[in-house]
Amino acid sequence: MLWLKTRKLKRRLGRGTAVERLASAQELARIGREDILVAALAASDPDTGSTAAVALGRAHCVAAIAPLIRHLNDPDEHVCSITAEAIAGFGDHAVAALQNTMDQDCVSGAVRVLGNIGSTSAVGALQSVVDRTRTHRTSVGPIVRKGATANPPSILAIEQLQKIGSEAAVRKLVGIQNTAAEQRYAEELVEATRKALRGLGERASQPLLKMLGEEGADLAAIAQAFCAIGDSRGAEILTAVVRGKRNRRRDALLALAYFKDARVVDALTAVLSEDGASISDIEAAMSSIEAIGDRRASKALAELMRRV
């Protein structure tokens, strides 16, 4: 009888050998008794809990995702690790539940699982963790302004974006860096984003180069990202925009303020003596020259002021 079989399987799950436990857990999942496995997650015996997590993951029981997430803060590290692996196996099916996790004790574990999933939707969910930090008070943390301390989940989310390292992740890092700097959020948040970009290095270069060529791209934010990874190609492209008098020349002039490169200074000072340069371009060049603080640029600026 099914009830007798279920009883034996349940008993073996809690008392059998490792092989017997796993076989019993998988059979319980097969006969539709995932409820027993969910209950077993809270067993005092960590072997029982970890075995139940493995079986639920292998059975791809979507209904078990929320209970599994609640056990990401299990006192036993092995159970936490197995549970995280089981949730990651659900892929995008688990992203929404992980993103909406409000239990403070589970947030860090949920963020790490999102990093392990690594999909485009997981990247968006990781940004939402940072956004929640910046916009309103939640379990993830309060608004983080300059002078405050960034909370661990937001920093961890940025680290997971670095771990993923996809084009989508690079785009999110650039956006986070720019917004955090503009709105004066915790310095730790800005520095964590720049550190993540530096850690990506060459992996970030191609997405950044692609972004530079896109209509409506935030050139200043991309320039900061290029500086963070130490890639001069961003300065070369922006300098070419300035010298070629292309569209968005003013934006390029302002973005060059983030580079400390002799070629950049040359391009900026050339605008000051350029026949027919617009007032807008001259003002942008002057602003970047002042930001860079190069001695040669200061002389060119003084010369311009004398002419005026």
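**Charged pairs up close**

Analyst: Arg-248 is partly exposed, with a relative accessible area of 30%. Its side chain forms a salt bridge with the side chain of Asp-251, at 3.1 Å from N to O. Asp-251 is partly exposed too, at 29% relative accessible area. Keep in mind that this is a predicted model.

Now turn to Glu-167. Its side chain meets that of Arg-171 in a salt bridge, at 3.1 Å from N to O. Why does this pair count? A salt bridge needs a side-chain nitrogen of Lys or Arg within 4 Å of a carboxyl oxygen of Asp or Glu, so 3.1 Å passes the cut-off. Both residues sit in helix α11, which covers residues 167-182. They are four residues apart, or about one turn of the helix. Glu-167 is partly exposed, with a relative accessible area of 32%. Arg-171 is partly exposed as well, at 28%.

Glu-167 has another partner. The side chain of Lys-210 meets the Glu-167 side chain in a salt bridge, at 3.4 Å from N to O. Lys-210 lies in helix α13 (residues 202-212) and Glu-167 in helix α11, so this pair ties together parts that are 43 residues apart in sequence. Lys-210 is partly exposed, with a relative accessible area of 46%.

Glu-167, Arg-171, Lys-210 and Glu-214 are linked in a network of salt bridges.

Technical notes
Residues numbered from 1 in each chain as written. Predicted model: local features only at pLDDT ≥ 70, side-chain atom pairs only at ≥ 80, totals over all residues. Heavy atoms only, no water. Helix = DSSP H or I, 4+ residues; strand = E, 2+ residues; numbered from the N terminus. Buried < 20%, exposed > 50% of the residue type's maximum accessible area, 1.4 Å probe, protein only.
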